[in-house]
2 protein chains.
Amino acid sequence: MMSWQSMAGLHGYKHFIRVTDMSGKRVVIAGMGFGGLRAAKVLAEKDLELIMVDRNNYHLFQPLLYQVATAGLEQEAIAYPLRGLTRRWNGATFLLAEISGIDLEKKSVLTDSGEVPYDYLVVAAGSRTNFFGMESVAAHAFDLKRLDQAEDLRNHILLMFEEASREPDLLRRSALLTFVIVGGGPTGVEFAGALRELVVHVLLQDHPAISAAETRIILVEAADSLLVAMPTDLQQYAYRKLGSMGVEVMLESRVVGATAESVVLHGGTVIASHTLFWSAGVAAAELAGYLHGVELGSSGRVVVQPDLTIKGYPDVFVVGDMASCLDKGVPLPMMAPVASQQGDYAARAILAREQGRSLPPFRYVDKGSMATIGRSSAVAVAAGLKFRGYLAWIAWLLLHLYYLIGFRNRLVVMMNWTYAYWFHERLVRLITAKKRRAVAIDSK
Amino acid sequence: MMSWQSMAGLHGYKHFIRVTDMSGKRVVIAGMGFGGLRAAKVLAEKDLELIMVDRNNYHLFQPLLYQVATAGLEQEAIAYPLRGLTRRWNGATFLLAEISGIDLEKKSVLTDSGEVPYDYLVVAAGSRTNFFGMESVAAHAFDLKRLDQAEDLRNHILLMFEEASREPDLLRRSALLTFVIVGGGPTGVEFAGALRELVVHVLLQDHPAISAAETRIILVEAADSLLVAMPTDLQQYAYRKLGSMGVEVMLESRVVGATAESVVLHGGTVIASHTLFWSAGVAAAELAGYLHGVELGSSGRVVVQPDLTIKGYPDVFVVGDMASCLDKGVPLPMMAPVASQQGDYAARAILAREQGRSLPPFRYVDKGSMATIGRSSAVAVAAGLKFRGYLAWIAWLLLHLYYLIGFRNRLVVMMNWTYAYWFHERLVRLITAKKRRAVAIDSK
């Protein structure tokens, strides 16, 4: 046995030797979301050593997480294995690791799998949910950043209906069937619409013991309109559309606390509900705090130079949600297009630097934004034009399919969407969790 | 708010009233595997009240679990939501509950969601893995009965390669890349073949630092041949085929112990391995033990009468893996076709009983058996004929597609198989677990 082992061992190390002997310098990308992925694609096969670090072995298409949470998609459909990319790229390696710090002086990334020194670093660790210090909310609310959170939320929603369908106590029953969504941005609006459709088209058919009138979906927004970034008429369209679907929209309302069975609003109103979904705030990922002596802006985002580097560290780029990059005086929003464009810029800046050139400062090109509300209904702004309804919805579908990586994932997603559209059916409504609370049922 | 609540409450109870007022008697099916599902399909819409009880809200297609564990299929593809069936069946309801006992005298099923009285009961709770009292094996081995176990095993296998690819210690590295599979039955053979293909076609491409020679897949079988239920020449074909694929088959060997990092064989041989997969034994589900005063046969299976009822309880049928049903003196094997035929028989027996008729004793019709070994290779026995190789493999694929429930699932599975066949790619290779052990990596 010894023989092939040592042989294999040698072989094993050849790989690292080849990589570390490369003429090119080492670029480390910390975080493989939209920003990191875009940077990697630009840097691949450019005679640089590329090390992609992420705590997951896949790139997650976050914009569709809410569809996993509402049983519209299987979780595998919106994740793409990162080694499916590195295997095609000479000089690129993937490291599955949790980043615990960055030593800017030593130029090294510290991970739970050891140190990874770099020549250039692209920090793209994204964002986390911001509960603004409300511990009771943080303790009881669901949020959507990770794949497992989407699966947990799906399990929970389906479970609420299972429990309600055999719950004799009317008050508890209605609390089980009341879902509170906080945040009227795209995520909150899309989740509210998708959840309402899941309830009406699927769960009420599954549970003849439950009537539509018993179910409540409440969307709570602190501002005086939904989708604040959108033009007024689209905001109003979204508001009317959600209302007509049966979603109760509460504007100028704020959630200030929660228990496992209730949600407390500013002013004292208490809503009996076992489900609180929070999409009312994001902050830069913890990693931002590990950059010692670096200036942080609002939401803990790293203040970057016009070329997206950290002041005093021209080899360290910060992109995406983590970066506070001013555009006409205000930080750019935390959204995928910004991250992608910044990842692209950072990568091109590194390539230029290697060729002794430099790039003009980063400029964000706003290609517009969109949100889907429900079946055949969405709002979109693009190139100064406004769209709503069916056309915007089709545009939304096509764009999301386009940005998904992998032919297979596009196929699976398209299949699920077609299936849901034709049959009003969501076949991923599985409760994959093991623990469940016991409740009473009727006995003959 | 009170108003619509009470209204809804009333509405909610109407449903139960309708059901409990049905002219027909109540049939409870405990367990919705192959036996329970078949029974439900026969009993549906026959003017009987039908209550299907399962701890999961889906029917699981267990024969393909090993493909989920080897990243060939997403877990959702082999599960079908049970309410997708009950919603179409008048008088049928589903109860998500854990069964804690059966009161044969009171004719009531005890669950964590309350008691469910029955007129007829079909017990179809299946089987669990049997480690024959070897605690160290039970503690460290993976087995495949549940969906979450398949996901755990997939995560573990992928993780072993992630860790090995950055493991400097050659001995630990080879232990991480050594996979021991116990049991040369269909499950062990199919898993060994699928794992070898995952390693060769996918993981070795993903990890250029790992050479094929470093990876070992060892299939351990106590008997002197694989697939003991098959004809000798097919056994030998399977043996040769696995060998040519690079699986080390150890016949007449027994695993007697394990730690997290080793597997101990009878005779003292110790194999350094972090992965032990156990498919060497099954026993009736715990539920069999809850039937007080009922005779249990080998593997804790319930001894049934020729009509599949329990002696002295003509209204209680036991079907599938749980039932010890003698055929020419020996108990029928624990496999899906037996369960389906018994579920079908029990359902028809109940319908006959209601019409004052009775059925002749149950007779199992052996339609043959098959096992796939790898790409384009399987063995099958049907109608006294023997098949092997490509033809048997195609037959295997078509039969499994046919027995999957749901058009969508068939589509997804077919798509994954086609994709794997054409591109040698498995895009479900996601590590969805959160915890990981830290190991050292090379640093520049």
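**View 1. Overall fold of chain A in the predicted model.** Chain A has twelve helices and 27 strands, where helices (H or I, at least four residues) and strands (E, at least two) are DSSP runs numbered from the N terminus. Because a compact globule of 444 residues would have a radius of gyration near 22 Å, the 24 Å of chain A agrees with that expectation; the radius is taken over C-alpha atoms, and the globule rule is 2.2 Å times the number of residues to the power 0.38. Taken along the principal axes, the C-alpha atoms fill a box of roughly 75 × 65 × 40 Å.

View 2. The mean pLDDT, the predictor's confidence in each residue from 0 to 100, is 90 for chain A, and 92% of its residues reach 70 or more. Over residues 1-21 of chain A the pLDDT is below 50, although this stretch has 36 contacts in the model beyond near neighbours in sequence, a contact meaning heavy atoms within 4.5 Å. Residues 434-444 of chain A likewise stay under 50, and the model has 44 contacts for them beyond four places in sequence. Where pLDDT is low, the predicted coordinates should not be read in detail. The model scores ipTM 0.88 and pTM 0.90.

View 3. Glu76(A) lies in the loop between α3 (65-69) and β4 (79-81) of chain A, and it counts as buried because its relative accessibility is 1% (buried is under 20% relative accessible area, exposed over 50%, and partly exposed in between, with a 1.4 Å probe and protein chains only). Leaving aside residues up to four places away in sequence, Glu76(A) touches Arg408(A) and Asn409(A) as well as residues of chain B, among them Glu76(B), Arg154(B) and Leu430(B).

View 4. Most residues other than glycine have a negative phi.

**Notes to all views.** Residues are numbered from 1 along each chain as its sequence is written, and chains are lettered from A and ligands numbered from 1 in the order in which they are written. In this predicted model local features need pLDDT of at least 70, side-chain atom pairs count only at pLDDT 80 or more, and totals for chains, interfaces and linings use all residues, while side-chain values use heavy atoms, with hydrogens and water left out.
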